[in-house]
Amino acid sequence: MSLVNSAMEKCFIMDKTTVPDGYGGVKASYKEGAEIMAAFSFDSSTQARIAAQQGVANRFTLFTKKTITLKYPDVIKRASDGKIFRVTSDGSDNKTPASANLNLRAVEAEQWELPPNE
């Protein structure tokens with residue numbers, strides 16, 4: 001078992017649907033979908049910290065098993081604290097090769113907030 005596997009925690013893919021907004025239009029609504037396991041690596045570089053001070057969302061790398069392919073703009077909810085993350089890259093681009101002992105896929109993500117349910 002690798003350190004990355006031991007760092008994985010329960011998360012949910014948030015399923016997006018549209019619902020009537022009451023004014024003849026629609027709005028986005030999210031609900032918990034499939035449960036997945038993911039590990040989070042916070043980008044603590046100097047550039048990321050400066051950007052965060054200027055209002056840019058905190059950046060993370062999310063690691064999942066290769067069988068899970070997350071893509072922009074998938075939304076993930078971490079079960080332990082309810083934090084929401086939006087994927088900002090394509091998971092089909094970054095995975096370990098078949099010959100590797102690690103079974104990982106990585107995507108970039110930002111901390112995000114769900115649209116309000118009014």
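## Arg78 and its neighbours

Arg78 is buried, with a relative accessible area of 11%. In this predicted model, the side chain of Arg78 meets that of Asp81 in a salt bridge, with 2.8 Å from N to O. Asp81 has a relative accessibility of 39%, so Asp81 counts as partly exposed.

Arg78 also has an aromatic neighbour. Arg78 lies over the face of Phe40, at 4.6 Å from the ring centre.

## Salt bridges

Side chains of opposite charge can pair when their charged atoms come close. How many salt bridges does the structure hold? The count is four.

One of them joins the side chains of Glu32 and Lys77, at 2.9 Å from N to O. This pair links distant parts of the chain, 45 residues apart: Glu32 belongs to strand 2 (residues 26-42) and Lys77 to strand 4 (residues 75-78). Glu32 counts as partly exposed at 39% relative accessibility, and Lys77 counts as partly exposed at 22%.

## A network of charges

Arg59 and Glu110 form a salt bridge in which the closest N and O atoms are 4.0 Å apart. The two residues lie in distant parts of the chain, with Arg59 in strand 3 (residues 59-64) and Glu110 in strand 6 (residues 105-112), 51 residues apart.

Glu110 has a relative accessible area of 13%, which is under the 20% limit, so Glu110 is buried. Which residues are linked in a network of salt bridges? The network is made up of Arg59, Arg86 and Glu110.

## Aromatic pairs

There are four aromatic pairs. Among them is the pair of Tyr30 and Trp112, which is edge-to-face, with 6.0 Å from centre to centre and 80 degrees between the planes. Tyr30 lies in strand 2 and Trp112 in strand 6, so this pair ties together parts that are 82 residues apart in sequence. Tyr30 counts as buried, at 18% relative accessibility.

The rings of Phe40 and Phe85 have their centres 4.8 Å apart, and their planes are at 40 degrees, so this pair is tilted. Phe40 in strand 2 and Phe85 in strand 5 (residues 84-87) are 45 residues apart, and the pair links distant parts of the chain. Both Phe40 and Phe85 are buried.

## The aromatic cluster

Which residues form one aromatic cluster? The members are Phe40, Phe42, Phe60 and Phe85. Phe40 is also the residue whose ring face has Arg78 over it.

Conventions. Residues are numbered from 1 along each chain as its sequence is written. This is a predicted model: local features need pLDDT of at least 70, side-chain atom pairs count only at pLDDT 80 or more; totals for chains, interfaces and linings use all residues. Side-chain values use heavy atoms; hydrogens and water are left out. Helices (H or I, at least four residues) and strands (E, at least two) are DSSP runs, numbered from the N terminus. Buried means under 20% relative accessible area, exposed over 50%, partly exposed in between (1.4 Å probe, protein chains only). Rings of Phe, Tyr and Trp (its six-membered ring) pair if their centres lie within 6.5 Å; planes under 30 degrees apart count as stacked, over 60 as edge-to-face and the rest as tilted. A charge sits over a ring if NZ of Lys or CZ of Arg is within 6 Å of the ring centre and within 35 degrees of the ring normal.
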